[in-house]
Amino acid sequence: MNRRHFIITILYSALLIAPAGCGRQPLVLSVSDKVERPTRSAVIFFVDGMDESRMNELLAEGRLPNIDKRFVKGGVRVSHAVSSLPAMTYPNTVSLFTGCFPGHHGIMGNQLFDRHRLTWIDYITLENYQHVNRDFTQPTLYELLDDRFTVNVQCHTQRGVRHSFDNMIETGPAWFLGWHIPVNQFVASCIEQLGTLAERVRQWPSVVTFYFPGLDAAGHAHGSHTDYYAKVFEDVDYQIGRVTNAIESAGLLETSYLILVTDHGHPRASQAKSFDLAAWLCRTRGIRCREGDVPGAGYSERFAFLDKYDAMLVDGSHRRVAVFLRGESGWGENPSAERVVQFIDGQRATDGPQAESCRIADLPAVAFVCRSMDRDRVEVQSARGIAVVERRLAGSTKEYRVVSAEGALADVAADAVGLAQSPDLARFVGEGWHDSRQWLEKTADSSCPDFVPQIVEYFDSPRAGDLVIFTAQGWLLSGNGCGEHGSCLAEDMRIPMFFAGPELASGASIEFGRLVDVMPTLLDLLGESDRLKRHPPIDGVSLAPQVRSAASDETARP
């Protein structure tokens, strides 16, 4: 940016941020009797990058009073909630609104490579951030409620919504300058604009989503362990309080379900543990890797450009890398299974005493290397061994098991996928086939929650890559940020999830849930579950029966 543009940006931002100083003042929501109010409505607070362990720390210190009031003490918490693989924003935002795993909606990362068209897109850019809405086909929550008035505030995934407040003029300069708190304040302030809109259309929305992006940005820039992340978290809490207080003052809270959720955790990563996978592949294997855009107006131009590369690496948030390999005859075909296996196991570019081990799973930075063997089998390699995750259809129910590479149920298979941490868990794995929810419940406290069913579903998408690499704890792949995410580990996958509202208990909890469960649960709470019957099955299930029957701590006491 040149000096003139910089000065203009500063002055323009100062004018915008001045009113945002009002971000600590109460918001006024006035809804007249002329506005039609739904019998039941929902408000989704979607806070990007809300790390569960950090949230628990701040709650214990009394620094998140509004979340504590409205959700912890005023609602139902899902004690063991998990995100979807990969634990990144764009895949999981689409999962939130479709109820489908990324392998079934096709948004496999914050960046996407389509090997059939040889195109690459980065959603985390000003020009592309809303293009995600054209790149998946499953219906969204908004599209299912197409005859209802729905509103989106700031969220990039918004297909089918009736009205959207995108706030680019207000938030763009602040976002560019890294002013995360004013961005969140602008999001909250839209409740007043929503009131004006409701008066104009004479309707209060059945669903409104408030998307707060600032906390995730703070985690990437500074780390979730820092005072700055805590400061931004405290402000998000304050903005949630401003919105819920305004809704309450307008007499709408008693008919509103409130949902608080995020898309992924925010592990604490160190620059000292950053591993450059592309450089390592070049040095040890002589493999030419492409990371990033594929220039060319047409397929032939992109084909010619990629012809000088052996592999395409699609990163995202530096803790998961999807790898696409050049076929034996070029990028016009998929690689053979033998080629994929050879890539994973490695062939040294040079031999001798200085040669490094070339098996990717042996790298300290790597937790798992996974490849699809066929439609229902995924091979998982780790430093501890090799296992195969299998899927079958038992009636109408999907079931999964983990076996050794030779096909036997063995302790080595459980250890290879990180599920030999306790005799009980290892015994569960050894028992063989279990359905998806059983795997979720049994592995929720493990180092790799819900990994077994989700890794098979992940490879259902042709955009998944020929193999995928997940990082080990404390490591980044090619990144150098202060906090990244995307791996299959608990610190990436575990997320906060709360429901509050009419007839729901206060200070209650249920045990297990997935991010993909939010959409069907919300429809059920609103009495709209039948809308799902007109569409293909989704991966999420309604938690509404459990949420409705959850007992508060006081009620549960004898």
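A: Helix α15 (residues 423-430) and helix α16 (residues 436-443) pack with their axes 11 Å apart, at an angle of about 165 degrees. Axes here are lines fitted to C-alpha atoms, for helices over the stretch in contact, with angles running from 0 to 180 degrees between N-to-C directions. Helices and strands are DSSP runs (H or I, at least four residues, for helices; E, at least two, for strands), numbered from the N terminus. So α15 and α16 come out as roughly antiparallel, the label for angles over 145 degrees. Their crossing is left-handed, that is, the near helix is turned anticlockwise from the far one by less than a right angle. On the α15 side the contact (heavy atoms within 4.5 Å) is made by Asp-424, Leu-425, Phe-428 and Val-429, and on the α16 side by Gln-438, Trp-439, Lys-442 and Thr-443. That set splits into four nonpolar, two polar and two charged residues. In this scheme Ala, Val, Leu, Ile, Met, Phe, Trp, Tyr, Cys and Pro are nonpolar, Asp, Glu, Lys and Arg are charged, and the others, Gly among them, are polar.

A word on provenance: this is a predicted model, where local features need pLDDT of at least 70, side-chain atom pairs count only at pLDDT 80 or more, and totals for chains, interfaces and linings use all residues. Residues are numbered from 1 along each chain as its sequence is written, and side-chain values use heavy atoms, with hydrogens and water left out.

Now for the single residues. Asn-110 sits in the loop between α5 (102-105) and β3 (111-114). It counts as buried because its relative accessibility is 2%; the cut-off is under 20% relative accessible area, with exposed over 50% and partly exposed in between (1.4 Å probe, protein chains only). Its side chain makes a 3.3 Å polar contact with that of Ser-317. Such a contact is a pair of N or O atoms within 3.5 Å; within protein, one must be able to donate a hydrogen and the other to accept it, and residues adjacent in sequence count only if both atoms are side-chain atoms. Leaving out residues up to four places away in sequence, Asn-110 also touches others, including Tyr-90, Asp-122 and Gly-316.

Leu-477 belongs to strand β19 (residues 476-477) and is buried, at 1% relative accessible area.

Lastly, His-180 lies in helix α8 (residues 180-201) and is buried at 7%, with a 2.8 Å side-chain polar contact to Tyr-228.

Note on methods. Parallel < 35°, antiparallel > 145°, perpendicular 65-115°, else oblique.
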